[in-house]
Protein chains: 2
Amino acid sequence: MASTDKTAVDPETEPQSDAAPPDAEAAVAATATAKFSFDCSVVDVALRILVFAATLSSVVVMVTSDQTEVVPVPGSPQVSLPLQAKFNQSPALIYFVAALSVTGFYSIITTLASLAVLLKPFYSKSFLLVFAFLDVVFVGIVASATGAAGGVFYIGLKGNNHAGWTKICNVYDKFCRYNASSLALALFAAILLVLLSMMSTFTLYKKIRD
Amino acid sequence: MASTDKTAVDPETEPQSDAAPPDAEAAVAATATAKFSFDCSVVDVALRILVFAATLSSVVVMVTSDQTEVVPVPGSPQVSLPLQAKFNQSPALIYFVAALSVTGFYSIITTLASLAVLLKPFYSKSFLLVFAFLDVVFVGIVASATGAAGGVFYIGLKGNNHAGWTKICNVYDKFCRYNASSLALALFAAILLVLLSMMSTFTLYKKIRD
């Protein structure tokens, strides 16, 4: 009877003495998981707001970069005329503005969706999957737009002797400064989108391991 | 005794009659999971080999695109000289060749890693995570390189009246045809990398749901 009493008491007292009970362990693990998920969602929302800010600034700076300068007409250097440099004179810069506008719109939608997940984490896995898919597509869009505008900007900055393309940034200095700022913001947005995509994938990975 | 015999016999005969035993169910599920994982890995290896083929072709076509033409010297139309158009005369095209070479090298390494996962699927989760991370980075690299080269190519094809940049594709026709093919291959590689990244993420997602 003594041994029976011992075995009957031990399971009751043991969990409270040195080892945590399974219920408490599960609760701690659940809290840790919820905290991690919460933190990730908060960072996700913050990064998406940053992407929106970066793309909006980039588009505004690019659109307001037009500059009018009085330059000599090619062929007759005696005659000077006011000529304007504007983003819509280059197809690459038009593509840049279009791509970053779409990305800005996308970042608004995903910020709202991310906030919804933060408040109701039930659909978080499906949302993470959709975010990871779409973020990769938008990484491609923003990177290609930045590349196209950067390639054209570099010709404007340095020219190309082999093709006979003269630089224009010695004349249109404000236009080029604005373009450079816009490109830097777009590059920042592209890097943020890469980070967001990695974060979605990593959160999915964490959910597997937990 | 009759009822005892019945209960003793039933658990033995029932699984073989109408319902599958838990062991068999588990085996079927494991086979299905293994088959899915196997299929995904095979597609993954195939796509990575395609990425390698596309990037290698793109680099080879771009590097061999040089063309020499006898053109009138600007300023004195009576004098004609043989002038060469080559990819290394444009920083954007140099970046394009460098980025696609690095991507080709990356695709060799990941093809080998993907083959290793196919043969020993033990580390598949960690590999999928690393693949999903790196694929996004290379989507950005290939997309930006394609954008930069595409922007410069378009100026060569159409020129830009506003900036005074004349088109060169009416003279260097072979150079432009090769560049266009190279750009198409790079775009194909970028789309494949987007698909690969999505596939890695989706496989992670499937592993959560199973």
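Guide: In this predicted model, helix α3 (residues 91–119) of chain A packs against helix α5 (residues 173–209) of chain A at an angle of about 40°, and their axes are 12 Å apart.

Visitor: Why are α3(A) and α5(A) called oblique to each other?
Guide: Roughly parallel requires an angle under 35 degrees, and roughly perpendicular begins at 65. The angle here is about 40°, so α3(A) and α5(A) are oblique to each other.

Visitor: What is the handedness of the crossing where α3(A) passes α5(A)?
Guide: The crossing is left-handed.

Visitor: Which residues make the contact?
Guide: From α3(A) come A:Leu93, A:Phe96, A:Leu100, A:Thr103 and A:Tyr106, and from α5(A) come A:Phe175, A:Asn179, A:Ser182, A:Leu183, A:Ala186 and A:Leu193.

Visitor: How do the residues of the contact of α3(A) with α5(A) divide into nonpolar, polar and charged?
Guide: Eight are nonpolar, three are polar and none is charged. Tyr and Ala count as nonpolar, so A:Tyr106 and A:Ala186 fall in that group.

Visitor: What makes α3(B) oblique to α5(B)?
Guide: In chain B, the axes of helix α3 (residues 91–119) and helix α5 (residues 173–209) come within 12 Å and cross at roughly 40°. Roughly parallel would need an angle under 35 degrees, so α3(B) is oblique to α5(B). α3(B) passes α5(B) in a left-handed crossing. Among the residues in contact are B:Phe96 of α3(B) and B:Leu183 of α5(B). The contact of α3(B) with α5(B) has eight nonpolar residues, three polar and no charged.

Key: Residues are numbered from 1 along each chain as its sequence is written. Chains are lettered from A and ligands numbered from 1 in the order in which they are written. This is a predicted model: local features need pLDDT of at least 70, side-chain atom pairs count only at pLDDT 80 or more; totals for chains, interfaces and linings use all residues. Side-chain values use heavy atoms; hydrogens and water are left out. Axes are lines fitted to C-alpha atoms, for helices over the stretch in contact, and angles run from 0 to 180 degrees between N-to-C directions. Helices (H or I, at least four residues) and strands (E, at least two) are DSSP runs, numbered from the N terminus. Angles under 35 degrees count as roughly parallel, over 145 as roughly antiparallel, 65 to 115 as roughly perpendicular and the rest as oblique. A crossing is left-handed if the near helix is turned anticlockwise from the far one by less than a right angle, and right-handed if clockwise. Contact means heavy atoms within 4.5 Å.
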